[in-house]
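We will go stop by stop.

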Amino acid sequence: MALELRHLRYLLAVAEHGNFTRAAEELHISQPTLSQQIKQLERTLGSQLLDRTGRTVRLTDAGEAYAHHARGALHQLAAAERAVHDVRDLTRGRLRLAVTPTFTAYLVGPLTAELHGRHPGITLTVRETTQDRIETGLLADEFDLGIAFRGTHLPGITATALFTETLTLVTSNAGATGGGSAALPVRDLADRQLALLSGDFATRGHIDAYLERHGVSPRIAVEANSIQALTEVVQRTSLATVLPDAITHDHPRLAPVPLEPALPTRTVTLLARADAYRSAATLAFTRLTRELVRSRGYTAPS
């Protein structure tokens, strides 16, 4: 039997699900056909790839080694297909972008508008997810680029600094008190009720670490899992929140309140897989992102 790509996909599906029935459903083939195809693959290779003796089906040592190379082969093939279909004049193309959620509120919109205005033939897919998921997705060839924060990255991930993000306390304009630009001591937050992003956001962890470092435990009256919900709550209540300055600037009904000491800044980065094929769409988006960051006056990374 000549090995075909479907045999690689069949083996990887069974390994992922640990079950022939669920793998067959995902592959839209019958369970007996899937089982037969895997047995044929094992006969061709002369080695048992799956351990079927337990409650779940697992890869043998030989199966682990084969699956590792099978995944690599499928990733390389996908990259080759994109290379063939890549058009250097950017009249068509595809870009898969992943971002951490706060960037959806102030960066994705301008970037999408700029990309579509310059290259309307490029199809952009945007996925909002956590930074860990962005990096594993890049390594698995699920995304072409990611926008997140500088930190300890997984091996094989490259991070290019874009700009420095500043966070500040934010209230409703209607409820803002006078005092000009006088900074609010962080200890005064102990008497405030806050509306904050939920723990799924990296930004929330950044805020919690800052408050803990200064021994402040404010009352969290509202938690939200979207920036839009949070800004709506703050605009209509006396609650305060913490947001990136760039979001506050785009909302005239929100008023920034500087804190003393200020919240630590973060470096925003463009993430990619180190050995990934760089399509024309990917290169164009990278250039466009740098241009937009400069044009909007974001602080250069340190």
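Predicted model: local features only at pLDDT ≥ 70, side-chain atom pairs only at ≥ 80, totals over all residues.

Stop 1: Select residues 20-27, helix H2, and residues 31-45, helix H3. Their axes come within 9 Å and cross at roughly 105°. H2 is therefore roughly perpendicular to H3, since angles of 65 to 115 degrees fall in that class.

Now show side chains at the contact. From H2, pick Phe-20, Thr-21, Ala-23, Ala-24 and Leu-27. From H3, pick Gln-31, Leu-34, Ser-35 and Ile-38, which they meet. What classes of residue make up the contact of H2 with H3? Six are nonpolar and three are polar. None is charged.

**Stop 2: His-28.** Move to the loop between H2 and H3, where His-28 sits. Check its phi: the value is near 60°, positive in a residue other than glycine. Is His-28 buried or exposed? His-28 counts as exposed because its relative accessibility is 73%, and the cut-off for exposed is over 50%.

**Stop 3: Asp-141.** Select the loop between helix H7 (131-139) and strand S5 (145-149) and find Asp-141. Phi of Asp-141 is also positive, near 65°, again in a residue other than glycine. Asp-141 has a relative accessible area of 9%, so this residue is buried; the limit is under 20%.

**Stop 4: Pro-261.** Go to the loop between strand S13 (259-260) and strand S14 (266-273), which holds Pro-261. Display the backbone from Glu-260 to Pro-261. That peptide bond is cis, with omega near 0°.

Notes: Residues numbered from 1 in each chain as written. Heavy atoms only, no water. Axes fitted to C-alpha atoms, helices over the stretch in contact; angles between N-to-C directions. Helix = DSSP H or I, 4+ residues; strand = E, 2+ residues; numbered from the N terminus. Parallel < 35°, antiparallel > 145°, perpendicular 65-115°, else oblique. Contact = heavy atoms within 4.5 Å. Nonpolar A, V, L, I, M, F, W, Y, C, P; charged D, E, K, R; others polar. Buried < 20%, exposed > 50% of the residue type's maximum accessible area, 1.4 Å probe, protein only.
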